[in-house]
Structures are given as C-alpha cells and as structure tokens.
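Keep the viewer open as you read.

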Amino acid sequence: MSTELPPLPAEKATDSDAMLVERAVAGDQKAFELLVIKYQRRIQRLIGRMVRDVDLVEDIAQETFIRAYRALAQFRGEAQFYTWLYRIAVNTAKKALMDLKRNPTVSENTYKSADDDETSPVENELTSSETPDAVLASKEIAEIINAAMDALPEELRQAITLREIEGLSYEEISDAMSCPIGTVRSRIFRAREAISEKVKPLLENQSGKRW
C-alpha cells in the first residue's frame with residue numbers, strides 16, 4: 001500500500017504557504033519545491049541588493065533555502081513565511097560577506113527590472129515618460145538613488161528596501177527586522193529623507209519637480 005501523501009490541490013499550490021510548510025514538514029518534498037519556486041526570484045533579488053558579486057547570489061540563495069529546509073519545523077506561522085525566509089536570507093548573506101570580508105551594498109541592478117515580473121514604485125514613476133531626455137534623466141536619477149541607497153546605514157537600507165521594493169507592510173517589516181513598528185516608520189522616514197536630499201537638486205535643475 002502506498003504511503004504517499006494525497007496530492008496537493010492545484011488551487012492551493014501557490015497561495016497557501018502554511019499548507020505547503022505543513023506538508024513539507026510531514027515529508028512531502030514537492031511541497032517545499034513549490035515554496036522554492038514561489039520565492040526563489042524574490043530571494044535572489046533581495047540578495048542581489050546586498051551583494052555586488054553576482055556569482056555569489058545564486059550560491060547564497062541556495063544556501064538560504066537549504067537552511068530554511070533544515071529549520072522548517074521551527075516555523076510557527078507567527079509571521080508570514082516570506083518574512084521568516086527573508087530573515088534567513090539576510091543572515092546567510094551577511095555571513096557570506098563576513099567570511100569574504102566584504103560589506104553589504106546595493107547591486108547595480110537594484111532599480112532595473114530586466115525580465116522581472118515586478119518593478120519598484122520608484123522605477124515605475126521615473127520611467128513613465130519615453131522621450132530621450134526623460135530616459136537620460138531617469139538613468140541619472142536612478143544612479144543617484146542607487147548611490148544614496150548604497151550610502152545608507154544597513155538598518156535604513158533594509159527597511160526602505162522591504163517597504164519600497166518588496167512592498168511589505170509596516171507590520172511585516174517589524175517582524176522581519178525584529179523591531180517595533182515605530183522604529184520601522186522612523187527608519188523608512190530617515191531613509192526617504194536621505195535619498196530625497198540627493199535627488200532633489202537634480203530634479204529641481206531639470207523641471208522643478210519634487211521627488
């Protein structure tokens with residue numbers, strides 16, 4: 001008699017992390033594979049914002065999922081699965097960078113969507129016009145934003161990335177960063193102010209717009 005678990009309903013395969021975790025803990029490897037498929041690109045993009053060396057991104061992402069699999073039984077569902085996975089990814093990236101005596105930084109592709117399904121709100125706003133001058137201005141602004149992000153303290157960079165790039169709520173960021181919501185709001189405000197100070201002069205020179 002077969003001991004395999006019953007098949008996972010198709011309609012639940014992508015929208016029930018709790019069910020997938022439960023099944024993976026019970027021994028259903030396919031369930032964990034679905035979680036990997038669901039979050040692999042997001043985790044790689046996240047790591048890519050911390051690590052400049054693109055050759056390391058895939059290795060760190062793979063190590064993240066290995067660690068997550070080993071610790072899966074410890075996931076209690078008190079936070080969303082991605083929030084829990086995010087913590088593992090950040091810690092794994094930090095360890096890798098520490099081992100290589102490197103510092104976290106924003107990658108050159110932070111604000112480039114390439115073939116990604118998701119784009120950041122900032123990028124969408126900056127590339128709304130298709131005139132050559134606007135395209136050039138957008139590239140200049142993106143470079144300034146990238147440099148400003150790079151210069152932010154780590155906790156500010158993480159907070160603004162989770163809010164503006166990943167689209168997490170303040171509550172989710174609070175869980176991910178293990179700090180009060182008030183601290184999250186303060187960090188995001190300070191990050192926006194720091195980035196805005198770098199971008200405003202360029203926008204004022206171009207068209208008087210405010211970022």
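Is arginine 23 buried or exposed? Arginine 23 is buried, with a relative accessible area of 14%; here buried means under 20% relative accessible area, exposed over 50%, and partly exposed in between, using a 1.4 Å probe and protein chains only. Before going further, please note that this is a predicted model, in which local features need pLDDT of at least 70 and side-chain atom pairs count only at pLDDT 80 or more, while totals for chains, interfaces and linings use all residues. Residues are numbered from 1 along each chain as its sequence is written, and side-chain values use heavy atoms, with hydrogens and water left out.

Let's begin with the core. A nonpolar core is a set of buried Ala, Val, Leu, Ile, Met, Phe, Trp, Tyr and Cys residues joined through side-chain atoms within 4.5 Å. The largest one here has 53 residues, and Tyr39, Ile43, Phe81 and Trp84 have the most contacts inside it. At least two residues of this core come from each of H1 (17-25), H2 (29-48), H3 (54-70), H4 (81-99), H6 (132-151), H7, H8 (170-177) and H9 (181-206). These helices are DSSP runs (H or I, at least four residues), numbered from the N terminus. The largest share of the core, 10 residues, is supplied by H4.

Isoleucine 43 is in contact (heavy atoms within 4.5 Å) with Ala61, Thr64, Phe65, Tyr82, Leu85 and Ala89, leaving aside its neighbours within four places in sequence. Leucine 72 sits in the loop between H3 and H4, yet at 2% relative accessibility it counts as buried. With neighbours within four places in sequence again set aside, leucine 72 touches Val21, Ala24, Val25, Phe32, Phe81 and Trp84.

Now for H7, residues 154-165. At 1.5 Å a residue, its 12 residues should span 16 Å, and its end C-alpha atoms are 15 Å apart, which agrees. Nine of the 12 residues are buried, so this helix is mostly covered. One of the buried residues is Arg157. Instead, look at the backbone oxygen of leucine 152, which lies 3.0 Å from a polar atom of the arginine 157 side chain. After H7 comes glycine 167, with a positive phi near 75°.

Another positive phi, about 55°, belongs to serine 178, which is not a glycine. Most residues other than glycine have a negative phi. Serine 178 lies in the loop between H8 and H9 and is exposed, with a relative accessible area of 61%.

Finally, the charged pairs. Side chains of opposite charge can pair when their charged atoms come close. The whole structure holds six salt bridges. In one of them, lysine 38 meets aspartate 17, with the closest N and O atoms 2.8 Å apart. Lysine 38 lies in H2 and aspartate 17 in H1, so the pair ties together parts that are 21 residues apart in sequence. Lysine 38 is partly exposed at 31% relative accessibility, whereas aspartate 17 is buried at 13%.

Arginine 23, where we started, forms a salt bridge with aspartate 28 at 3.2 Å between the closest N and O atoms. Aspartate 28 is buried as well, with a relative accessible area of 15%. Arginine 67 and glutamate 63 also meet in a salt bridge, at 3.2 Å from N to O. These two are four residues apart in H3, which means that about one helical turn separates them. Arginine 67 is partly exposed at 28%, and glutamate 63 is partly exposed at 29%.

Notes
The expected span of a helix is 1.5 Å times one less than its number of residues. A polar contact is a pair of N or O atoms within 3.5 Å; within protein, one must be able to donate a hydrogen and the other to accept it, and residues adjacent in sequence count only if both atoms are side-chain atoms. A salt bridge is a side-chain nitrogen of Lys or Arg within 4 Å of a carboxyl oxygen of Asp or Glu.
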